[in-house]
Structures are given as C-alpha cells and as structure tokens.
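User: Hey, I've got a structure open and could use a hand reading it. Can we go through it together?

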Amino acid sequence: MNRFLSYELEHRVGSGGSAEVWRARTRDGRLVAVKLFNDHVSSGVERLRAGEPTRLARIDHPRILKYLDAGRLPHEVETFEAGTEFIVTEFVAGPTLAAVRPPDWRWVQAVTLQLLDALASAHARNIVHLDVKPTNVLLRGENPPDVLLADFGIAHHFQYESEPGAERPVVGTPGYMAPEQIRRYLAAFGPWTDVYSVGSLVYELCTGQPLFSGSPIDVLKAHARAPRPPLGKTRFAVPDDLGQWLGRCLVIDTTERF
C-alpha cells in the first residue's frame with residue numbers, strides 16, 4: 001500500500017544512511033518529495049533528525065528546499081512500519097551537483113554565491129547546516145546553474161553561549177567536515193563550520209579531486225589536523241587569488257576563517 005494521508009508514493013529517488021527519499025503526488029496531483037526515516041541509526045542521530053521539520057520551518061528562502069509537511073506514517077508503507085517519521089518537501093527533478101561537471105570558473109562562482117546566500121539565511125536564524133556537499137545541492141537548471149540547498153537532517157541550532165564541554169555524535173560526510181565538527185565541540189560550531197564545507201566543495205569542483213583522499217578515518221584525521229594541500233592544477237582557469245580564498249575557508253582555527 002503506497003498511499004498514506006494525502007500522499008501517494010511513486011518510486012524511490014534516493015537513499016542514505018538514515019532515510020529514503022521518494023517521489024510522490026498529493027491528491028490534487030502535485031509532485032512532492034517524501035523523506036522516510038529508517039530505524040537503523042543511533043539514538044543521537046535520531047534526536048538530530050527529529051528536529052529537522054522545526055529547523056526547516058524556520059527558513060523561507062528561494063535557494064533552500066521548501067518544507068511542506070511532516071508526521072508519522074499511520075500504517076505500513078512499503079518496508080516502513082506504522083509510526084515511521086516522514087518529511088515532505090517540494091520535488092526537484094534536476095540533478096545534484098555531484099552529477100554535473102563544471103564547465104568553467106563563472107559556473108562555479110555562480111553556484112558558490114547562491115550556496116552562500118542560502119547558508120546566510122540559515123545562519124541568520126542560528127542554524128548551521130553541517131552537511132554541505134555535492135549530493136545535497138540540487139540544480140533546477142544547469143546553464144546557468146540554479147541552486148537549491150537540501151537536507152537539514154543533522155543541522156545544529158547554534159548558540160554562542162553553548163557549554164564548553166558539550167558534545168554531539170560525529171555525523172556528517174567525512175570529505176566535507178570541519179575540524180570542530182569532527183572533534184564534536186558544540187561551542188565551536190557556527191557559520192564558519194559551513195564555510196569550511198563550502199571551501200572543500202569549491203576545491204573539488206575546480207580540481208576534480210577531493211581535498212583529502214583515503215579511508216573515511218584517514219580523511220577525518222586529515223581534515224582535523226593535516227596541512228592543507230595547495231590548489232594545484234585546476235580543470236579550467238581560476239582567479240589568481242582563489243587559493244588564498246580557499247586557504248581562509250579551510251584553515252583549522254575557526255577564528256581565522258571567513
């Protein structure tokens with residue numbers, strides 16, 4: 001039975017460690033995306049994901065995936081049991097940033113500015129995303145790019161007066177995690193944490209290579225304390241000072257980042 005409440009699931013369009021995303025339709029035929037959470041996650045991650053509807057509802061920005069509804073399944077749907085949590089957002093048919101090869105620097109610059117604009121709106125509401133990566137950046141158009149930031153499932157509502165010793169589970173994507181995120185220092189989380197992820201993403205878009213390679217553990221260790229590699233060879237011509245800009249985004253010390 002693929003219908004519940006006012007939604008009818010059509011087919012799965014993506015899956016991750018804690019959820020699956022389905023294309024669905026409302027009773028009036030409108031396309032939406034339904035995110036169904038699975039039960040194979042730690043209690044810490046479960047607490048984080050439970051706050052996603054509240055975080056999303058606080059933000060209304062043209063470059064952030066629009067939140068529409070949330071709740072629990074009233075009965076079994078597909079492989080999900082009754083009571084499973086779900087979130088409904090607008091549906092975007094375009095690819096993610098991970099599926100597109102940037103044609104030139106102007107394209108990367110446009111993506112970056114739109115992404116920073118979306119994050120600024122979240123940061124103004126004391127929300128830091130914590131999982132900025134290519135698969136969480138949707139493209140409604142490729143030429144020129146039209147960006148939508150998705151998945152606030154592990155976002156953090158930061159407050160500068162957080163207790164110094166407070167910690168949270170290490171969650172995120174190793175290739176884009178800031179050092180303070182890896183070390184779980186809640187008091188050090190802030191807009192600069194997302195800036196680090198944006199720097200990692202821009203480095204990869206321009207070079208075609210991640211900032212650090214290896215096993216997930218090796219990558220985490222490198223992000224936490226290894227010297228940052230120079231920009232090196234890029235896919236296309238970039239501004240002369242891009243390496244300097246990336247250096248400020250990717251510095252370990254949070255007080256030295258943009």
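This is a predicted model: local features need pLDDT of at least 70, side-chain atom pairs count only at pLDDT 80 or more; totals for chains, interfaces and linings use all residues.

User: Good. Let's start with β6: how many of its residues are buried?

Analyst: Strand β6 covers residues 85–90, and five of its six residues are buried.

User: Which way does β4 run relative to β6, parallel or antiparallel?

Analyst: Antiparallel: β4, residues 31–37, is joined to β6 by five bridges. In that pairing L36 stands opposite F86 of β6. Strand β5, residues 67–72, also runs antiparallel to β6, again with five bridges. There, A70 has I87 in β6 as its bridge partner.

User: OK, and F86, is that buried or exposed?

Analyst: F86 is buried, at a relative accessible area of 2%.

User: What about aromatic pairs, how many are there?

Analyst: The count is four aromatic pairs. One of them is F4 with F86, an edge-to-face pair with 5.1 Å centre to centre and 70° between the planes. F4 sits in strand β1 (residues 3–4) and F86 in strand β6, so this pair ties together parts that are 82 residues apart in sequence.

User: And why does F4 count as buried?

Analyst: Because its relative accessibility is 1%, and the buried label applies under 20%.

User: How far apart are the ring centres of Y7 and F86?

Analyst: The centres of Y7 and F86 are 6.4 Å apart, and with the planes at 65° the pair is edge-to-face. This pair also links distant parts of the chain, since Y7 belongs to strand β2 (residues 7–15) and F86 to strand β6, 79 residues apart. Y7 is buried too, with a relative accessible area of 7%. Put together, F4, Y7 and F86 make one aromatic cluster.

User: Switching topic: how many residues does the largest nonpolar core have?

Analyst: That core has 43 residues, and L97, V108, L115 and F152 are the ones with the most contacts inside it. At least two residues each come from α3 (105–124), β8 (137–142), β9 (145–149), α5 (191–207), α6 (216–225) and α7 (242–250). Apart from that one lies another core, of 13 residues, which includes Y7, W22, A24 and V34.

User: What does L115 touch, leaving out its neighbours within four places in sequence?

Analyst: L115 is in contact with V132, V137, L149, V198 and L201.

User: Now T193. Which helix is it in?

Analyst: T193 lies in helix α5. T193 is buried, with a relative accessible area of 0%.

User: What polar contact does its side chain make?

Analyst: The side chain of T193 has a polar contact with the side chain of E180, at 2.8 Å. Not counting residues up to four places away in sequence, T193 touches V128, L130, A178, E180, Q181, A188 and R257.

User: Great, one recap for my notebook: which residues form the aromatic cluster?

Analyst: F4, Y7 and F86. As for F86 itself, look for it opposite L36, in the mostly covered strand β6.

Methods. Residues are numbered from 1 along each chain as its sequence is written. Side-chain values use heavy atoms; hydrogens and water are left out. Buried means under 20% relative accessible area, exposed over 50%, partly exposed in between (1.4 Å probe, protein chains only). Helices (H or I, at least four residues) and strands (E, at least two) are DSSP runs, numbered from the N terminus. Two strands pair if DSSP finds at least two bridges between them. A nonpolar core is a set of buried Ala, Val, Leu, Ile, Met, Phe, Trp, Tyr and Cys residues joined through side-chain atoms within 4.5 Å. Contact means heavy atoms within 4.5 Å. Rings of Phe, Tyr and Trp (its six-membered ring) pair if their centres lie within 6.5 Å; planes under 30 degrees apart count as stacked, over 60 as edge-to-face and the rest as tilted. A polar contact is a pair of N or O atoms within 3.5 Å; within protein, one must be able to donate a hydrogen and the other to accept it, and residues adjacent in sequence count only if both atoms are side-chain atoms.
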